[in-house]
Amino acid sequence: MQNLAPYAATSESTLGREVYEEPPSYRSEYQRDRDRIVHSTSFRRLEYKTQVFVNHEGDLFRTRLTHSIEVAQIGRALARALRLNEDLTEAVALAHDLGHTPFGHAGQDALNECMSSFGGFEHNLQSLRVVDILEEKYAEFEGLNLTFETREGILKHCSIVNAKRLGKLGERFLQQHQPSLEAQITNLADEIAYNNHDVDDGLRAGLISVEQLLEISLFKEQHDIVKKLYPALSSRRTIHEIVRRMINRLVSDLVETSNKNLADIYPISIEEVRQHPTPLIQFSEKMTEMNLELKRFLRNNLYSHFRVYRMTKKAQHIVEMLFEAFMNDTKLLANEYRTKAQAMESDNGNDGRARVVADYIAGMTDRYAITEYNRLFDPLKLT
Ligand code: MG
């Protein structure tokens, strides 16, 4: 194991698992978490879930799986540079999107709307639900029985109502405390990954242009450097050079600023990190501004582009129709879910039934949701 800083998470300082297990022999506690995540069913499904572009729109766009791997790559680089725990960072990164519905944010918003009178739907909380309950693989426990630290990292946001139900894991949302530095890293590695790969995917899809992006300082800065160094480079390679340099710029700024914060405060343990009133992993003020400018650009030009919006509306429609059909008639659910819906309904009434329907829909890949929609509503589809 690398030489970790005193404020890093370690296997020895873990707050443990819900069900006690002997420590692993040849791996760290967080390697074990990472390995369980990689072997989970929900992890494999990420391959066919949308990041921004629906899976069938093209083979070259990011999916939730490749996105999660990019987050893990950036996260590990940050963790190593800051002498933090790489294994924990990787585990959180690979699990952070497990609870995402099909069709990206459109699916999440639609499902949240459908669930509004049944306790709502939050994708972060759903990721936790996946690793705590929904993965049914192990003889000795429900879910993956991950460490507190990995679960803490997965739960990036949480409403106060839900935080109150989560015991120790929810406390930080009530007391305004922080998660581990590894969780803070993953949070920003997620942003670095999606902002940059959305630029790349958006350009590839022809939804945004280099000319438009020249208005954005983070892009223009690297564009001018690359153009000067390699004036004759093909446009595809130029874009890749710019994007990789933007990622590098963001990562370097994050390492420098966070190192400075850590040197100033010098927390002597992970507990002190948690008690600190603000996150210590941060961009500089200037980079925060530049990053925001890029995010705003993507929101106004890519995420709301009519072609993305059109798919969004379709996705909403599919999720709403599936929810309504299953909610009104649980006999339409696959056997396993029907049994669960009956059990949950007898405990928690309509809320229980709705939760099982939400779990079922959230677990679907894009293409499974489309197939299921056709099976239910296309009168010519008889199987
Ligand atoms: Mg993500």
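This is a predicted model: local features need pLDDT of at least 70, side-chain atom pairs count only at pLDDT 80 or more; totals for chains, interfaces and linings use all residues.

Me: Where are the bounds of domain 1 and domain 2?
Reply: Domain 1 covers 17-304 and domain 2 covers 308-377; the bounds come from an automatic or database domain assignment. Their C-alpha centres are 27 Å apart.

Me: What area do domain 1 and domain 2 bury between them?
Reply: About 2,500 Å², with 67% of it on carbon and sulfur atoms. That is the accessible area (1.4 Å probe) the two parts lose on being put together, summed over both.

Me: Which residues in domain 1 lose the most area to domain 2?
Reply: Tyr48, Phe103 and Phe118, which together make up 25% of what the domain 1 side buries.

Me: And how many salt bridges across that interface?
Reply: The rule finds 2 between domain 1 and domain 2, a salt bridge being a side-chain nitrogen of Lys or Arg within 4 Å of a carboxyl oxygen of Asp or Glu. The structure holds 36 salt bridges.

Me: What does Arg64 pair with?
Reply: Arg64 makes a salt bridge with Asp97, with the closest N and O atoms 2.8 Å apart. Arg64 sits in helix 3 and Asp97 in the loop between helix 4 and helix 5, so the pair ties together parts 33 residues apart in sequence. Helices here are DSSP runs (H or I, at least four residues), numbered from the N terminus.

Me: Switching to the metal: what coordinates the magnesium ion?
Reply: His67 (NE2), His96 (NE2), Asp97 (OD) and Asp190 (OD), at 2.1 to 2.7 Å. Donors are N, O and S atoms within 2.8 Å of the metal (3.2 Å for Na, K and Ca), and water is not among the atoms, so sites may look incomplete.

Me: What spacing do the donors follow along the chain?
Reply: H-x28-H-D-x92-D. His67 is in helix 3 (residues 64-81) and His96 is in the loop between helix 4 (86-95) and helix 5, 29 residues apart, so that pair links distant parts of the chain.

How values were computed. Residues are numbered from 1 along each chain as its sequence is written. Side-chain values use heavy atoms; hydrogens and water are left out. Helices (H or I, at least four residues) and strands (E, at least two) are DSSP runs, numbered from the N terminus.
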